[in-house]
Amino acid sequence: MLFHQPLARLSLALALAWTPASLVGQTPTHEPIAALLVDANDDFLADRLGQSACAQGIVTAAPYAARRDRELRIYLQDDSAGIRCIATDHQLLASVEPGDLLAVAGVLEHYRGMEQLHVESVERIRRVDVPDPVEADVAAVASERMLGQLVTVTAQIAPPVLSTSPILQDESGATELYMPRRFLDDPALIQRLAAGGTCTVIGYAEQNDASAPYDAGYRLRLRSPQDLQLAPSSWVESLLAIALASFAGAVVVLLSARRFRAKRGAPRTWAEPIDRIQGQKMEALGTLAGGIAHEFNNYLAAIRGYTELASASLEGDREAQEHLAEVLTTSDKAKELADKILTFSRKEEAALADADVADVVREGLSLIRATLPASVELQSEIDPYAGVVQASPNQLHQVLLNLASNAVDAMRQSGGVLRVQVDRVMIEADQAATLGLAAAGCCARITVADDGPGMDAATLERMYEPFFTTKDIGVGTGLGLSIVHNILKHHGAGIRVTSAAKTGTRFEIFLRASEECQGPEAPSEAPINAHSTAPTSTPSEAKRVLFVDDTENLARLGRRQLAALGYDAQIATDGAQALEKFANASPPIDAVVTDYRMPGISGLELAEKLQQLRPGIAVLMVTGYGHFLTPEQVAAAGVHKVIKKPYARDDLGRALRSALDRG
């Protein structure tokens, strides 16, 4: 194992050369870090594992907790190499800071193929400058010779889409950029990741290969969120980067599937730590998904806003109007996709609201049809007056898709019919108790039935257990029905399962309807078309509105939209500038429209400060992160209404008119 670098670190070498022996005290004589990492057997592990060792070097970043807080870690570096140091006694490293010159003693060990020093004693010698990171290309990071060292890489970054980590790529190769979970709560980092393009990253070259010979799984660990800097990229570059990440993610999925198939004959074991790690990955992916969807909503807001302005300026061109209407329709579909991504990223329970069961199931069936194999036929019978229930449409879609997926898997070989039915039934009190229904009465019933082999009594008894599955390894997770059960419990819904070997399976879901079973109701009026050109409420006299958004092109778009609505619009690109303009405006500002997520002063904080300056001022908030806001927060800040990105100009006009009238 060779760790010597051609580039000498002058400040580090001088610090080590001029260390007074009197300051080291009784600490054993230290060795160069590279000497601890020698591998003469070419097995990718140091020859001295398990032996005591002493090293001296400079700390290049603050300690961080790892393995669910069981240990603290630092990276130590001298002029020969770098090594990760861990301490299960947190007191040993708790007060260590970047730039500390330390003498540490402990035992050499390895974790996931990477050598580390398990620290037993620490002596701080003095403070020095943190060494500059070594410039490297991707191929150097994805190799053994850089392990444990602080490096900087300039490369293309593909934002994460199907995997939890983005990919760094340059002419020399590609490697994973690992982002610790503690960084993923930083919205600015998430937005930088979503943008993709060319970036400069400072981090640690490390290994993450759990099995011998430990010659793969190299990656770059991000040192801090501030150490990821992206060059501005065009929308086209961002889309290409997302496409590249999608392709890379698909390759990862295919390789994982091959690995599962190869292990099909292996005995199944309960691996709680693996399940926990997968849960952490899903949580990290949810956070990333939320950031990407937020950035996507910003793009959609600009697309929709400028399309509406173009439509207003081309009123006499019928062909152009038709084309622009298609753009708006497509942006609506893209908004629905972003909403689903945001729903996936949420950690809290989904809010329940009025939902028409027939409409929800129809939407779900459109997704199911696209995935059916040729051997399975879909038959549906939907009562349009089945009823309105208190539910989360996205979660009902998840229930329907899980049940349909299980049914299709059961019939994949032999074929059959997938039947989905929606109707309205009356459930008595004794039936409600049996079904687990929260309350008896009129219910909307969703039935999913198949012609598959069915389930025996033993399988029926265990079907809701997490990780229980009758499918082959790699085909099912055993989580589908447990997720269904949890969602229905949250909805206060009932469920009945009828199945036996060789007779197929029938799931019936009962959701308490908002109205009683007194025959079909008349269909409601058709909703107003989202792109209707009906007149928007406009101000009776010119009002001054301040539009605040930290994205400059969205701020300019807001000014144009407000001008088209008849308002005298001003803009600001951060909270401090908004407060200054508001305080000094003459004539005074009548209303403020502000973004929610902004650096420095957030939209909520800005609204609170505006209310302090002028109680009762009309404030609207626009956001792609609306699920983070509670009604109590909105009311306390004095916000009249929250508008979700991307929004139509007419929606903004109506909300603003309402806020001004109330004021």
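How many disulfides does a search of the whole structure find? The search finds zero disulfides, a disulfide being a pair of cysteine sulfur atoms within 2.5 Å. This is a predicted model, in which local features need pLDDT of at least 70 and side-chain atom pairs count only at pLDDT 80 or more, while totals for chains, interfaces and linings use all residues. Residues are numbered from 1 along each chain as its sequence is written, and side-chain values use heavy atoms, with hydrogens and water left out.

**Confidence**

- The protein chain has an average pLDDT (the predictor's confidence in each residue, from 0 to 100) of 75, and 72% of the residues score at least 70.
- Confidence is highest in strand β1 (residues 52-59), at a mean of 95, and lowest in helix α2 (residues 21-24), at 36.
- Residues 1-27 have a pLDDT below 50, and this stretch has 61 contacts in the model beyond near neighbours in sequence; a contact means heavy atoms within 4.5 Å.
- Residues 472-479 also have a pLDDT below 50, with 17 contacts beyond near neighbours in sequence.

**Overall architecture**

- The protein chain contains 18 helices and 25 strands; these are DSSP runs numbered from the N terminus, with helices (H or I) of at least four residues and strands (E) of at least two.
- Of the 663 residues in the protein chain, 46% are buried; buried means under 20% relative accessible area, exposed over 50%, and partly exposed in between, with a 1.4 Å probe and protein chains only.
- Among contacts between residues at least 6 apart in sequence, 71% join residues at least 24 apart.
- The accessible surface of the protein chain is about 32600 Å², and carbon and sulfur atoms account for 53% of that area, which comes from the Shrake-Rupley method with a 1.4 Å probe.

**Aromatic residues**

- The structure holds one aromatic pair, for which rings of Phe, Tyr and Trp (its six-membered ring) must have centres within 6.5 Å; planes under 30 degrees apart count as stacked, over 60 as edge-to-face and the rest as tilted.
- The pair is stacked, because the ring centres of Y75 and Y204 are 3.9 Å apart and their planes lie at 10 degrees.
- Y75 belongs to strand β3 (residues 71-77) and Y204 to strand β11 (residues 197-207), so the pair ties together parts 129 residues apart in sequence.
- Both Y75 and Y204 are buried.
- R219 lies over the face of Y178, at 3.9 Å from the ring centre; this requires NZ of Lys or CZ of Arg within 6 Å of the ring centre and within 35 degrees of the ring normal.

**Cysteines**

- C85 counts as buried, at 0% relative accessibility.
- C199 counts as buried, at 1% relative accessibility.
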